[in-house]
Amino acid sequence: MTPSSESMDLRKEAPRKVLDGFGRAVLAASRYAAPESADEMASLVRRARAERMPVTFRGSGRSYGDASLNGAGLVVDGTKLNRMLSWDPVNGVAEVQGGVTIEGLWRRTITDGYWPHVVPGTMFPTMGGCLSMNIHGKNNFKEGPFGEHVVDFDLVTPEGDQLRCSREENADVFHTAIGGLGLLGAITRVRVQLKKVESGLLRVDPCAVSSLREMFEEFEKRLPHSDYLVGWVDCLSEGAELGRGEIHQANYLHADEDPLGEVGFHTERQTLPTRILGFPKDKLWLFMRPFFNNPGVRLINTAKVVSARMNHGKKYLQSHVGFAFLLDYVPNWRLAYGAGGFIQYQVFIPKAEALGAMEDILRMAQEAKLPSYLGVLKRHRPDAFCLSHAVDGYSMAMDYRVTAENRERLWALTRRFTERVLAAGGRFYFAKDAVLDQEQVRRAYGEERLARFKAMKERLDPQHVLVSDLGRRALGLA
Amino acid sequence: MSTPFTKAIVIGASSGIGESIAKRLSAEGVSVALVARRKEELDRVHTGLVHRETARVYAHDVARFDDVPELFDRIVGDLGGLDLLVYAAGVMPKVDEGEYSFAKDRQMVEVNLLGAMAWMNPAAARFEAQRRGTIIGISSIAGERGRRGNPAYCTSKAALTTYLESLRNRLSRYGVNVVTIKPGFVDTQMTRGMKGLFWLISPDQAAETSLSIAHDMTSPAVFVPARWWLVALIVRLIPSFVFRRLNF
């Protein structure tokens with residue numbers, strides 16, 4: 001009997017599979033199915049509804065926490081729905097199934113001179129995932145989130161309705177299902193507007209900064225004339241150098257500035273290095289592993305700071321892929337964190353409060369001897385989506401190693417972080433979250449937004465067929 | 001390292017080693033789900049438990065594999081979690097000299113092996129995800145060689161031993177403990193009336209040793225009592241052309 005069979009008894013026959021969040025700190029054993037067509041996906045959801053089995057959609061599993069986990073039901077893996085349905089190279093509009101990845105998208109469009117307006121730090125998330133989490137990139141301050149470049153999409157609700165959603169048609173659903181955590185329906189088809197670029201290269205300007213304060217000042221200075229802006233933060237630096245690091249500003253090249261010309265659009269020019277520091281990158285995580293502790297990261301960060309100071313102001317040209325997908329440079333890098341994995345904790349804080357709150361968080365972590373091994377600063381602007389994480393301010397993403405010994409202390413520490421963020425009027429990002437509770441989410445997002453989301457949930461999924469571990473933990477769905 | 005159990009499922013809890021394990025777990029304060037085919041026997045065991053109030057009874061035939069996924073979920077929900085699964089269900093119908101019965105063979109494979117797989121699959125997935133848990137499988141020294149007396153029983157226990165070893169190799173990296181218990185002769189309904197028994201121990205002795213091993217998390221596959229290890233070694237070393245002439 002195939003998983004697509006309408007008569008399949010999911011409770012008896014669907015296999016169990018242990019799935020993890022990308023950070024590997026949270027896991028769940030679920031029933032699992034990977035449909036090969038949109039019809040099969042709809043059939044599975046219908047069957048689950050009949051059996052009263054909660055369903056969670058999962059793409060590439062790139063959410064760090066429990067957004068695509070379901071310890072009490074069925075996980076429907078949408079990655080086989082990965083066909084590009086049409087590509088219009090004149091207008092730069094791609095029509096794809098929900099399981100197409102960012103990689104699948106850019107590989108098809110770059111040769112025609114188009115690049116996605118918004119990409120995350122890795123090329124592996126699916127369109128369904130990008131839309132459901134409303135991902136952002138290093139240009140959020142300028143281009144907004146992924147959802148702002150979605151032309152329209154089809155949403156199949158658990159009730160069996162297929163809704164075409166755009167800014168004109170079902171606009172309320174459009175603005176809620178984008179960033180809707182996959183809890184309103186299956187995204188079966190998406191049309192995305194891509195950006196025409198004149199070159200396959202970006203000009204990158206690295207800038208070393210000696211503190212978080214200086215990084216903020218430099219960000220504000222550079223914002224008006226940057227296409228991308230991202231800061232690496234040394235979360236172990238202290239005192240006057242608290243939050244030191246390096247900024248990378250990148251700008252699109254005009255055609256007449258591009259030494260490669262059309263050749264730069266070829267996919268073989270849009271590659272990641274195969275070796276890093278002389279090591280074959282596939283095994284590099286093994287060499288990184290001994291350094292993933294406080295002294296080891298301190299050593300690495302010091303080396304990075306020295307390197308940043310040496311390269312300060314030395315502009316260079318880099319492919320879109322090389323600049324955008326830093327997280328893909330080292331395959332399986334997440335394994336370097338060891339058996340307990342890690343959590344990413346990303347805070348979004350209004351501009352006026354951001355520096356003080358982020359400095360406080362860095363200090364709190366250092367005092368607890370649980371520093372983040374990676375810090376990434378980005379600039380954001382608000383958007384029109386219901387569960388938007390973006391604010392007019394800054395975000396800092398921090399990676400914390402989890403071990404059996406520190407887990408409880410780390411969760412307690414994040415509660416202190418969260419209090420500080422909430423006091424500063426901040427928000428969080430569900431794709432990264434593994435720690436927030438319902439009360440914290442209520443305070444971060446406000447009653448009105450959550451009420452709007454829940455009203456939409458009642459309208460599209462009144463029986464609460466779509467429930468994830470994240471939905472249970474953070475939104476109280478059952 | 002000693003691991004206290006808090007919530008356990010014992011399959012085959014209505015008699016023999018399973019019953020004794022259930023009683024001992026209950027006496028330790030563990031919330032126990034008693035699973036077996038015969039409801040009246042389960043009720044009898046339940047009545048004799050130290051902490052009856054935290055134990056529950058579930059009548060289930062392990063050969064009804066399709067019922068396992070839902071029942072497993074229900075029990076875990078009732079217990080509020082799970083950190084120990086004990087599979088002690090087993091049958092060994094008498095197979096006469098010159099008798100070749102597929103019905104009996106199938107029953108042994110279904111109860112001794114397939115039932116174990118049906119129960120251990122959901123438990124293994126759950127334990128891997130929660131990064132802790134213990135699975136105890138009651139196999140047998142009979143799985144060490146294919147004896148002429150009962151081909152299907154030896155086969156089912158050999159397969160169970162191998163299955164448990166594979167599970168252990170799969171799960172130990174996630175902090176999950178898989179214990180294979182290989183008893184010799186135990187004074188249960190299964191052995192009653194058999195001739196030539198020696199080193200016979202009570203089910204309670206077998207249960208005590210099994211749980212002690214599982215608690216310590218040090219010996220993944222053991223003979224009970226330990227001296228059967230020597231017998232197993234000798235039996236394994238006997239050349240096939242000699243073994244086929246033996247009558248046990």
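1. Which domains does the domain assignment give for chain A? The assignment, which is automatic or taken from a database, gives domain 1 (1–76), domain 2 (84–196) and domain 3 (201–440). This is a predicted model, in which local features need pLDDT of at least 70 and side-chain atom pairs count only at pLDDT 80 or more, while totals for chains, interfaces and linings use all residues. Residues are numbered from 1 along each chain as its sequence is written, and chains are lettered from A and ligands numbered from 1 in the order in which they are written.

2. On the overall form of chain A, there are 15 helices and 20 strands, where helices (H or I, at least four residues) and strands (E, at least two) are DSSP runs numbered from the N terminus. The C-alpha atoms of chain A fill a box of roughly 65 × 55 × 45 Å along the principal axes. A compact globule of 478 residues would have a radius of gyration near 23 Å, and the 22 Å of chain A agrees with that; the radius is taken over C-alpha atoms, and the globule rule is 2.2 Å times the number of residues to the power 0.38.

3. Of the 248 residues in chain B, 43% are buried, and among contacts between residues at least 6 apart in sequence, 65% join residues at least 24 apart.

4. Where the chains meet, seven residues of chain A are in contact with nine residues of chain B. On the chain A side, α1 (10–13), β1 (16–20) and β2 (27–33) each supply at least two residues, and β2(A) gives the most, with three residues. This side of chain A divides into four nonpolar, no polar and three charged residues; here Ala, Val, Leu, Ile, Met, Phe, Trp, Tyr, Cys and Pro count as nonpolar, Asp, Glu, Lys and Arg as charged, and the others, Gly among them, as polar.

5. Within chain A, the centres of domain 1 and domain 2, taken over C-alpha atoms, are separated by 22 Å. Their contact takes twelve residues from domain 1 and 16 residues from domain 2. On the domain 1 side, helix α2 (residues 38–51) provides the largest share, six residues, and that side as a whole divides into six nonpolar, three polar and three charged residues.

6. Four strands of chain A form an open sheet in the order β1-β2-β4-β3, with mixed pairing; two strands pair if DSSP finds at least two bridges between them. The edge strands are β1 and β3, each of which pairs on one side only, and the twist averages 45° from one strand to the next. Helix α2(A) packs on this sheet, touching β2, β3 and β4 of chain A, and its direction makes about 170° with that of β4(A); such axes are lines fitted to C-alpha atoms, for helices over the stretch in contact, and angles run from 0 to 180 degrees between N-to-C directions.

7. To look at the pairing in detail, β1(A) and β2(A) run antiparallel and are joined by five bridges, with Lys17(A) standing opposite Ser30(A) in β2(A). By contrast, β3(A) and strand β4 (residues 74–77) of chain A run parallel and are joined by four bridges, and Phe57(A) stands opposite Val76(A) in β4(A).

How values were computed:
Two residues are in contact if their C-beta atoms, placed from the backbone, lie within 7 Å. A residue is buried if 20 or more other C-beta atoms lie within 10 Å of its own, exposed if 12 or fewer, and partly exposed in between; C-beta atoms are placed from the backbone.
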